[in-house]
Amino acid sequence: MAAWRRTGERPAVAVWTVEQLTEFLAFVRDDRLFALWWLIALRGLRRAEAAGLRWIDLDTDRRELTIACQLVHTDHGLLPCPPKSASSQRGIALDLGTLRLLYRHEQVQRDELGIDWSPSTPMFTRENGGAIDPNYLTHRFHELVMASGLPSVRLHDLRHGAATLALAAGADLRVVQGLLGHASVVLAADTYTSVLPQLYHESARATAQLVLKAARKVNNARPGT
């Protein structure tokens, strides 16, 4: 972030810090698409995948979302289509907090749509129940970022941010590959090469601290120490 501000050159992976993301999520807490921004930011969905989600894609028992389609522009308007690639068809694990957030969102949508609501209803719609254009999500996100005063990042950068958060939390590259629906772990590594060196250094420090902590315990347990 500091280098970006200093040079004006946008890095390949431009993401907010954890603090900045937290600030943004607090800022959009009352936005009707808050649950969508949350999913993209923490679970790395593509915008078309988020727009294509339906309630039948949510398995509350397994705490998992199935990415089964995406909403795209065609000559006949917005239509659900298969995901971008075979690897993009995936299950995404959800924590209990995210499940509760989606449950609250579902209740609001049921109130909005009344008898028109059904399990096949898109998870995210306009107030009248109409499908949400992925291009609108990009436009709306840009408006929210500008209003928040945070550094300008793209909606797709939230997806990058989800990957860096997962890596920083200790997930390995194969987990991140599956989370994002990348075709190979090499693609994931190439994409986040600018992020990985910092994580490698953090891992080195954590490993050294672990060994030193164990060594102190051994020394303190020796008679006369």
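Is Thr66 buried or partly exposed? At 36% relative accessibility, Thr66 counts as partly exposed, where buried means under 20% relative accessible area, exposed over 50% and partly exposed in between (1.4 Å probe, protein chains only). Thr66 is placed in strand β2; helices (H or I, at least four residues) and strands (E, at least two) are DSSP runs numbered from the N terminus. In space, the C-alpha atoms of Thr66 and Ile92 are 6.3 Å apart, although 26 residues separate the two in sequence.

The model is a predicted one, in which local features need pLDDT of at least 70 and side-chain atom pairs count only at pLDDT 80 or more, while totals for chains, interfaces and linings use all residues. Residues are numbered from 1 along each chain as its sequence is written, and side-chain values use heavy atoms, with hydrogens and water left out.

The interior may be considered next. In soluble globular proteins, nonpolar side chains tend to be buried together.

Aromatic pairs are found where rings of Phe, Tyr and Trp (its six-membered ring) have centres within 6.5 Å; planes under 30 degrees apart count as stacked, over 60 as edge-to-face and the rest as tilted. The count by this rule is five. One of them joins Phe24 and Phe141 edge-to-face, with 5.4 Å between centres and 65° between planes. This pair links helix α2 (residues 18–27) to helix α6 (residues 134–148), its members being 117 residues apart. Phe24 is buried at 0% relative accessible area, and Phe141 is buried at 1%. Trp37 and Phe141 also pair; their ring centres are 5.8 Å apart and their planes stand at 45°, so this pair is tilted. Because Trp37 lies in helix α3 (residues 34–43) and Phe141 in helix α6, the pair ties together parts 104 residues apart in sequence. Trp37 is likewise buried, at 0% relative accessibility. Ring pairs gather Trp16, Phe24, Trp37 and Phe141 into a cluster.

The charged side chains follow. Ten salt bridges are found in the whole structure, each being a side-chain nitrogen of Lys or Arg within 4 Å of a carboxyl oxygen of Asp or Glu. In one, the closest N and O atoms of Glu112 and Arg32 are 2.8 Å apart. Glu112 belongs to helix α5 and Arg32 to the loop between α2 and α3, so this bridge ties together parts 80 residues apart in sequence. Also in helix α5, Glu106 and Arg110 meet in a salt bridge of 2.9 Å, N to O; because they are four residues apart, about one helical turn separates them. Glu106 is buried at 15%, whereas Arg110 is partly exposed at 35%. Arg110 also lies over the face of Trp117, 3.8 Å from the ring centre.

Arg159, in helix α7 (residues 155–168), is buried yet has no salt bridge, the nearest side chain of opposite charge being Glu49 at 4.6 Å; Lys and Arg count as positive and Asp and Glu as negative, with His and the chain ends not counted. The side chain of Arg159 reaches the backbone oxygen of Leu180 at 2.9 Å.

Methods: Lys NZ or Arg CZ within 6 Å of the ring centre and 35° of its normal. Polar contact = N/O pair within 3.5 Å; in protein donor to acceptor, adjacent residues only side chain to side chain.
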